[in-house]
Structures are given as C-alpha cells and as structure tokens.
Amino acid sequence: MNETPAPQRPALGLALRHAHLRAARRFAQELEPLDLENHHAGILLHIGLLGMQTQRQLVDGMGVDKSTMVRTLDALEARGLVRREAHPTDRRAHAIVMTNAGRAMLDRVTTAVRRTDEQMTMCFTPEERELFHSMVVRFGYAPTDEPTS
C-alpha cells in the first residue's frame with residue numbers, strides 16, 4: 001500500500017529553531033547599516049537592560065564561551081561603545097560599562113529591534129502580537145528546565 005502520511009505539526013524545538021534563524025537573519029539585515037553583528041547588538045542590549053556587567057556575567061547570561069566574549073568585547077571597545085573598568089566590589093573582575101557612544105548606538109539597535117519585531121509578527125493581530133511576545137518571554141525565561149515529579 002502506498003499511503004502518504006498525513007502532514008504533521010512540526011516539533012516545538014524545530015519550530016523554535018526555524019523562528020530563531022528567521023529572526024536572526026532579519027535582525028542582521030537591520031544591523032547592516034550600523035556595521036554591527038547580532039552578537040555585538042546582543043551585548044549592548046544586555047548591558048542596556050541590566051546595567052554594568054562583569055565579563056563572566058555576560059558569558060553566563062548570553063550563553064557564549066569566554067574567548068568569543070573577549071573578542072566581541074575587544075571589538076566593541078575598539079569602536080568606543082563599551083569600556084572595561086575596575087569592578088567596584090570585586091578586585092578580580094572587570095566591569096563592562098557602556099560609553100556615551102554605546103548608549104547612542106543602543107538607541108539605534110533598539111530601533112532595529114522594534115523594526116525586526118514588527119516585520120516578524122506582521123502575520124498577527126496586535127492582540128496576538130502581545131500574547132505571542134509574552135508567551136515567548138515566559139517560555140524563554142522560565143526558571144528551570146528540570147522535570148517535576
């Protein structure tokens with residue numbers, strides 16, 4: 001018998017991966033005029049949201065390895081967007097702080113984020129956009145992935 005299987009709903013992880021790739025490509029296009037890459041913008045957004053961070057906090061919070069973070073911070077520092085300072089309470093750590101130029105760039109990145117969000121969610125009504133955003137944030141920042149028994 002030669003039956004065609006019924007179409008299946010994609011697995012959640014696969015759909016999320018596809019959505020992430022689509023969003024990353026779209027955001028990269030928005031960042032091109034700023035001469036920034038997604039990971040540069042991510043650090044600016046992270047510091048803009050949370051304030052001063054140590055390099056270790058950025059590594060942990062963004063899920064990248066130390067050597068990648070060092071190279072990215074070096075590039076941002078060379079452009080005058082961030083600077084490393086002595087940490088006010090931990091002599092072993094450097095604080096990564098945004099400069100005035102970095103704050104100006106963050107404003108432009110935030111505009112790129114807004115345009116990307118709008119373009120990515122054009123298929124939704126305004127109410128659906130708000131619901132989708134709140135659900136993705138809740139899912140993405142859930143306190144644990146540990147199974148409950």
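## Basis of the values

Residues are numbered from 1 along each chain as its sequence is written, and side-chain values use heavy atoms, with hydrogens and water left out. In this predicted model, local features need pLDDT of at least 70 and side-chain atom pairs count only at pLDDT 80 or more, whereas totals for chains, interfaces and linings use all residues.

## Helices H1 and H5

Helix H1 (residues 12-31) packs against helix H5 (residues 100-120) at an angle of about 135 degrees, with the axes 9 Å apart; helices are DSSP runs of H or I with at least four residues, strands are runs of E with at least two, and both are numbered from the N terminus. Axes are lines fitted to C-alpha atoms, for helices over the stretch in contact, and angles run from 0 to 180 degrees between N-to-C directions. H1 and H5 are therefore oblique to each other, given that angles under 35 degrees count as roughly parallel, over 145 as roughly antiparallel, 65 to 115 as roughly perpendicular and the rest as oblique.

On the H1 side, the contact (heavy atoms within 4.5 Å) is made by Ala 19, Arg 22, Ala 23, Arg 26, Phe 27, Glu 30 and Leu 31, and on the H5 side by Val 109, Ala 112, Val 113, Arg 115, Thr 116, Gln 119 and Met 120. Thr 116, which lies in helix H5, is buried with a relative accessible area of 4%, where buried means under 20%, exposed over 50% and partly exposed in between, for a 1.4 Å probe and protein chains only. Beyond its neighbours within four places in sequence, Thr 116 is in contact with Ala 23, Arg 26, Phe 27 and Glu 30.

## Helices H2 and H3

The axes of helix H2 (residues 38-50) and helix H3 (residues 55-62) come within 11 Å and cross at roughly 110 degrees, and the two helices are therefore roughly perpendicular to each other. His 39, Gly 42, Ile 43, His 46 and Ile 47 of H2 make the contact with Leu 58, Gly 61 and Met 62 of H3.

## Strand S3 and its partners

Strand S3 (residues 94-98) has four of its five residues buried, so it is largely enclosed by the rest of the structure. Strand S1 (residues 53-54) runs antiparallel to S3 and is joined to it by two bridges, with Thr 54 having Ala 95 as its bridge partner in S3; strands pair if DSSP finds at least two bridges between them. Strand S2 (residues 82-86) also pairs with S3 in the antiparallel sense, over five bridges, and the bridge partner of Arg 84 in S3 is Ile 96.
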